Amino acid sequence: MEVRIQSIHFDVSEKLADFINKKIDRLARRFVNIDYVDVNLTVVKPETAMNKQAVIKVIVPHQGEQVATKVADSFEEAVDMALEAIERQLEKVKAKK
């Protein structure tokens with residue numbers, strides 16, 4: 001499984017990268033056929049309280065691409081909510097099979 005973390009106009013701290021990788025590993029243990037995970041982090045303008053955006057794209061062979069976008073006060077919260085949404089999408093795809 002390949003994981004790509006991309007931040008737009010800022011550098012991702014090691015602590016944030018470890019948090020994201022830990023959450024993705026947990027998801028990958030549950031859904032073993034995940035092939036690729038792409039995480040895009042951006043700070044939404046203007047500078048307000050809810051301005052951290054996480055866009056997560058998960059590619060599973062023969063099941064397509066699942067995408068979730070969430071905005072929150074912190075990147076950790078946005079990533080957490082987006083991964084929960086991805087998990088629900090993967091459950092629905094799995095149930096259809």
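Biologist: Where is the place of H62, in terms of the strands?

Modeller: The model is a predicted one. H62 has a positive phi of about 65° although it is not a glycine. Its place is in the loop between β3 (52-60) and β4.

Biologist: Is H62 buried or exposed?

Modeller: The cut-off for exposed is over 50% relative accessible area. H62 has a relative accessible area of 81%, so it counts as exposed.

Biologist: Which loop holds H9, and what is the phi of H9?

Modeller: H9 is found in the loop between β1 and α1. At 82% relative accessibility, H9 is exposed. H9 is not a glycine, yet its phi is positive, at about 70°.

Biologist: How many Å apart in space are S13 and A85, C-alpha to C-alpha?

Modeller: In sequence, S13 and A85 are 72 residues apart. In space, the C-alpha to C-alpha separation of S13 and A85 is 24 Å.

Biologist: In which sense do strands β1 and β2 pair, parallel or antiparallel?

Modeller: Strand β1 comprises residues 2-7 and strand β2 residues 36-43, and six bridges join the two. Within this pair, Q6 stands opposite N40 in β2. The sense of the pairing is parallel.

Biologist: With which side chain does the side chain of K23 make a polar contact?

Modeller: K23 has its place in helix α1. With a relative accessible area of 18%, K23 falls under the 20% cut-off and is therefore buried. At 3.1 Å, its side chain makes a polar contact with the side chain of D80.

Biologist: Why does V71 count as partly exposed?

Modeller: V71 is found in strand β4 (residues 64-72). Buried requires under 20% and exposed over 50% relative accessible area. V71 counts as partly exposed because its relative accessibility is 32%.

Biologist: What accessible area do V44, M50 and V71 have together?

Modeller: V71 belongs to a nonpolar patch on the surface, which it forms with V44 and M50. Together, the accessible area of V44, M50 and V71 is about 210 Å².

Conventions. Residues numbered from 1 in each chain as written. Predicted model: local features only at pLDDT ≥ 70, side-chain atom pairs only at ≥ 80, totals over all residues. Heavy atoms only, no water. Patch = residues over 30% accessible without salt bridge, like charges linked within 9 Å, V, L, I, M, F, W, Y side chains within 5 Å. Areas by Shrake-Rupley, 256 points an atom, 1.4 Å probe, with all protein chains shown as cover. Salt bridge = Lys/Arg side-chain N within 4 Å of Asp/Glu carboxyl O. Helix = DSSP H or I, 4+ residues; strand = E, 2+ residues; numbered from the N terminus. Buried < 20%, exposed > 50% of the residue type's maximum accessible area, 1.4 Å probe, protein only. Pairing = 2+ DSSP bridges. Polar contact = N/O pair within 3.5 Å; in protein donor to acceptor, adjacent residues only side chain to side chain.
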